[in-house]
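Here are my notes on the model you sent over, point by point. Have the structure open while you read.

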Amino acid sequence: MVRSLREEAIRTVSDDPKQTLKALSTELGLLIDGAADEESLYALQVKYLGKKGAVTQLRAHMGKLPPEERKGFGQAFNEAKLAIEQAIERRREALAEAARQRRLGRREDATLLPRRRPAGSLHPITHTRRRLEAVFRQMGFDVVDGPHVEDEKYNFDDLNFQDEHPARDMQDTFFVDGRDEAARLVLRTHTSPVQIRAMLTRPPPVRLVAPGTVFRRDDDATHSPMFHQIEGLCIDRGVGMADLKATLYRFVRAFFGADLQVRLRPSFFPFVEPGAEFDMQCPFCGGEGCNMCKGAGWIELGGSGMVHPAVLEAVGVDPEVYTGWAFGFGIDRMALMLHTVPHLRLMFEGDVRFLEQFPC
Ligand code: PHE
């Protein structure tokens with residue numbers, strides 16, 4: 001609107017070609033400097049300097065002038081035209097330069113640190129659990145799951161726990177629905193009931209790990225009533241303790257990326273015979289003895305052993321044909337070691353100031 005008014009003014013300013021030329025030059029100068037892009041600049045150029053353009057046509061008006069003024073007007077006309085052409089050229093260069101600057105400005109600065117978007121991340125225990133799963137998958141194990149609320153039969157009976165075994169005590173176990181003798185439910189106290197569930201549903205050979213949450217009525221500085229374990233189970237013909245130890249050794253090597261030894265110490269669990277606890281060489285000192293392993297050079301990981309024949313029988317697997325081994329260890333301790341976190345509690349308090357330190 002403003003512009004068209006101004007153009008109108010240019011056209012009608014005067015019948016006197018000299019005045020018109022002056023007015024045209026001034027106004028056109030403003031229009032040129034205000035051109036927003038190369039296209040509008042080109043449009044101006046066509047409109048004013050083109051064959052039928054206002055400036056070009058002005059030349060034809062020279063005839064209106066008295067002869068003695070014509071020479072002077074011709075010169076003024078040529079100068080004005082040149083000035084306009086130069087103004088257009090200047091503006092064109094300025095626009096091109098501005099476009100170039102914009103392009104440069106939009107280019108990524110490879111030296112600039114990326115801005116961190118506030119994003120959630122995996123809980124360090126979840127992260128550790130997934131790494132464990134990945135390592136065991138690579139070693140040919142299936143990853144299976146089991147319910148947190150478990151039949152007492154799977155959590156204890158079929159695993160060869162005697163009726164009077166202390167682990168069945170209310171002191172250690174969360175019972176879900178009171179003490180109805182017929183079918184009691186518990187919060188599973190370990191991942192071993194997944195052994196039973198797996199053997200009931202898959203014929204041997206079996207090779208699986210079962211990570212998950214477990215519950216015990218423990219709550220002090222070093223124990224939490226809720227924690228995480230991973231169970232390993234292998235059932236096949238002719239497997240023995242040597243396979244168990246080799247598997248644990250290979251696992252530790254793959255998980256920690258270091259050649260750390262594994263050792264078995266005789267121990268008792270109702271569902272294995274023989275049973276053993278297993279340790280790994282301390283990944284922090286390589287066995288020299290340090291704070292993390294309390295000078296021992298070894299770190300206790302969990303329990304293991306050959307699956308008890310009574311367990312195989314409970315799930316209908318013939319112990320004369322098949323043997324198997326199993327292991328179970330805590331995931332939380334692994335996470336503590338991976339991230340050198342001093343206290344288990346930190347893992348479960350859900351404090352974002354802690355969790356934000358694990359952007360994985
Ligand atoms: N379930 C045992 C525990 O929670 C660990 C274990 C698993 C031991 C498998 C032997 C074999 O302590």
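1. Thr 340 sits in the loop between H11 and helix H12 (344–348); helices (H or I, at least four residues) and strands (E, at least two) are DSSP runs, numbered from the N terminus. Thr 340 isn't a glycine, yet its phi is positive, about 45 degrees. With 48% relative accessibility, Thr 340 counts as partly exposed (buried is under 20% relative accessible area, exposed over 50%, partly exposed in between; 1.4 Å probe, protein chains only).

2. A word on the source: this is a predicted model, where local features need pLDDT of at least 70 and side-chain atom pairs count only at pLDDT 80 or more, while totals for chains, interfaces and linings use all residues. Residues are numbered from 1 along each chain as its sequence is written, and side-chain values use heavy atoms, with hydrogens and water left out.

3. Lys 294 is another one to look at: phi is near 50 degrees, positive in a residue other than glycine. Lys 294 belongs to the loop between S7 and strand S8 (298–307) and, at 77% relative accessibility, counts as exposed.

4. Check the cis peptides too. One joins Pro 204 and Pro 205, with omega about 5 degrees, and Pro 205 is in the loop between H8 and strand S4 (206–215). Another joins Glu 273 and Pro 274, omega about -5 degrees; here Pro 274 is in strand S7 (residues 272–281).

5. Now the ligand. Of the 14 residues around it, His 190, Ser 192, Arg 216, Gln 229 and Gly 328 come nearest (near means a heavy atom within 4 Å). A ligand nitrogen is 3.0 Å from an N or O atom in the side chain of His 190. A polar side-chain atom of Arg 216 lies 2.9 Å from a ligand oxygen, and an N or O atom in the side chain of Gln 229 is 2.9 Å from an oxygen of the ligand.

6. Ser 192 lies in the loop between strand S3 (185–187) and helix H8 (193–201). Is Ser 192 buried or exposed? At 3% relative accessibility, Ser 192 is buried. Leaving aside neighbours within four places in sequence, Ser 192 is in contact with Leu 159, Glu 231 and Phe 271 (contact means heavy atoms within 4.5 Å).

7. Last, the helices. H9 (residues 241–256) and H11 (residues 331–339) pack at about 40 degrees, with axes 12 Å apart; axes are lines fitted to C-alpha atoms, for helices over the stretch in contact, and angles run from 0 to 180 degrees between N-to-C directions. Phe 251, Phe 255 and Phe 256 in H9 meet Met 334, Met 337 and Leu 338 in H11.

Methods: Polar contact = N/O pair within 3.5 Å; in protein donor to acceptor, adjacent residues only side chain to side chain.
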